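I opened this entry to work through the contacts between the chains, then the sheet, the core and the charged pairs. My notes follow in the order I looked things up.

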Amino acid sequence: MLIDKKHIGMKVPPHAVTPTAWQLKWFAKATGETNPLYFDEAAARKAGLPGVLVPPTFFFCMDMDKDEPFDYIATMGCDFGKMLHGEQIFTYHKPVYSGDTLDFDGQVTDIYDKKNGALQFIVKDVKVSRQGEAVCDLRTVIVIRA
Amino acid sequence: MTIPNFDAINVGDEIPSLTTEPVSRLTLALYATGSGDHHPLHLDQDYVRSKGMKDVFAHGMLGMAYLGRLLTQWVPQEAIRTFGVRFTAITWIGESMVCTGKVVEKLEQNGEKCVRLELTCANEQGEAKHKADAVVALA
């Protein structure tokens with residue numbers, strides 16, 4: 001069944017996240033990061049930074065950091081078991097550090113299909129800001145298999 | 001770390017590659033902690049077998065994080081303007097990821113001298129797992 005295109009424009013409930021040095025340390029360990037600016041608060045401060053650097057893809061983790069990160073997919077009546085992460089795009093405006101409070105404000109901006117509906121695509125765009133200043137934009141493309 | 005000079009970079013240039021340790025179950029447990037993504041597909045072998053799959057597999061965003069490291073070992077992070085990835089294949093336990101990138105375009109964007117890079121995250125047999133591109137501002 002094709003997803004109703006009336007969902008284009010659906011707002012995702014906004015949320016706020018304050019990344020911690022503790023979690024970023026584990027993210028750095030998991031990804032094999034060797035640059036201490038990403039996991040050592042003392043080294044980051046010595047380099048003049050207000051906290052450890054939030055790495056490029058961590059914005060996705062923060063966007064997911066809410067009780068029901070896929071509630072917008074559920075609203076469309078899609079089966080979570082058929083859901084794949086198709087594409088992820090980031091546009092960066094300002095560096096972000098541990099301790100910054102970030103606001104995530106998202107919206108479904110497109111729904112389309114390929115192969116006669118065998119693959120459907122849901123595009124969500126999220127604007128991330130810090131005290132009203134844009135720091136990053138995310139585009140997440142979710143694929144729903146028939 | 002210094003930002004490379006735009007005039008010294010040519011289309012076709014490759015940036016220094018990055019090869020990771022083999023992805024292990026521990027890697028995926030650590031990534032679950034660091035990312036907050038505890039989906040059983042990446043952690044629970046009993047669950048994945050009940051779904052008819054042979055084993056747990058890596059989070060797609062782990063591969064993108066490796067590509068992020070490929071970029072930030074070449075330039076400071078604040079030089080990255082855009083970074084996008086298409087997830088094309090699954091990464092299995094035991095596979096090392098080989099991340100490579102090359103310059104495909106020199107461009108001016110919003111008054112900045114930039115390069116567009118094509119990035120690939122593949123296993124050691126050369127099977128591409130993720131294809132990505134990035135625009136980076138140079139000096």
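**Interface.** I searched the interface of chain A and chain B for salt bridges and found zero. This is a predicted model, and I read everything below with that in mind. I then listed the contacts: 28 residues of chain A touch 25 residues of chain B. The buried area between chain A and chain B comes to about 2,200 Å². Carbon and sulfur atoms give 63% of that area. On the chain A side, A:Ala30, A:Thr31 and A:Tyr92 lose the most area to chain B, together 23% of what that side buries.

**Sheet.** I traced the strands next. Ten of them form an open sheet with antiparallel pairing, in the order S1(A)-S3(A)-S4(A)-S5(A)-S2(A)-S2(B)-S5(B)-S4(B)-S3(B)-S1(B). Strand S1 (11-17) of chain A and strand S1 (14-19) of chain B stand at the edges; each has a single partner strand, so one side of each is left without a neighbour in the sheet. From one strand to the next, the twist averages 20 degrees.

I checked where the chains join. S2 (residues 83-92) of chain A and S2 (residues 80-87) of chain B run antiparallel, joined by five bridges. In one of the pairs I looked up, A:Ile89 has B:Gly84 in S2(B) as its bridge partner. Helix H3 (residues 60-72) of chain B packs on the sheet, touching S2 of chain A as well as S1, S2, S3, S4 and S5 of chain B. The direction of this helix makes about 145 degrees with that of S2(B).

**Strand S5(B).** I asked how many of its ten residues are buried. The count is seven, so I noted S5(B) as mostly covered. S5(B) pairs with S2(B) in the antiparallel sense over seven bridges, and B:Thr82 stands opposite B:Val135 in S5(B). S4(B) and S5(B) pair over nine bridges, again antiparallel. There, B:Cys114 has B:Ala137 as its bridge partner. S4(B) and S5(B) form a hairpin with five residues between them. In the turn, B:Gly126 has a positive phi of about 90 degrees.

**Core.** The largest nonpolar core has 65 residues. A:Phe59, B:Phe83 and B:Leu119 have the most contacts inside it. H3(B) gives the most to this core, with eight residues. I listed contacts of B:Leu119 beyond four places in sequence; among them are B:Ile15, B:Leu67, B:Leu71, B:Phe83 and B:Ala132. I also found a second, separate core of 13 residues, including A:Val12 and A:Ile142.

**Charged pairs.** I went through several.

- A:Glu41 and A:Arg45 meet at 3.5 Å, N to O. They are four residues apart in helix H2 (residues 41-46) of chain A, separated by about one helical turn.
- B:Asp55 and B:Arg25 meet at 2.9 Å, N to O. The pair links distant parts of the chain, 30 residues apart. B:Asp55 counts as buried at 13% relative accessibility, whereas B:Arg25 is partly exposed at 42%.
- B:Lys129 and B:Glu95 meet at 3.1 Å, N to O. B:Lys129 lies in S5 of chain B and B:Glu95 in the loop between S2 and S3, so the pair ties together parts 34 residues apart in sequence. Both residues are buried.
- A:Asp100, A:Arg130 and A:Glu133 are linked in a network of salt bridges.

Conventions. Residues numbered from 1 in each chain as written. Chains lettered and ligands numbered in written order. Predicted model: local features only at pLDDT ≥ 70, side-chain atom pairs only at ≥ 80, totals over all residues. Heavy atoms only, no water. Pairing = 2+ DSSP bridges. Helix = DSSP H or I, 4+ residues; strand = E, 2+ residues; numbered from the N terminus. Axes fitted to C-alpha atoms, helices over the stretch in contact; angles between N-to-C directions. Contact = heavy atoms within 4.5 Å. Core = buried A, V, L, I, M, F, W, Y, C linked by side-chain atoms within 4.5 Å. Buried < 20%, exposed > 50% of the residue type's maximum accessible area, 1.4 Å probe, protein only. Buried area = accessible area lost by both parts, 1.4 Å probe. Salt bridge = Lys/Arg side-chain N within 4 Å of Asp/Glu carboxyl O.
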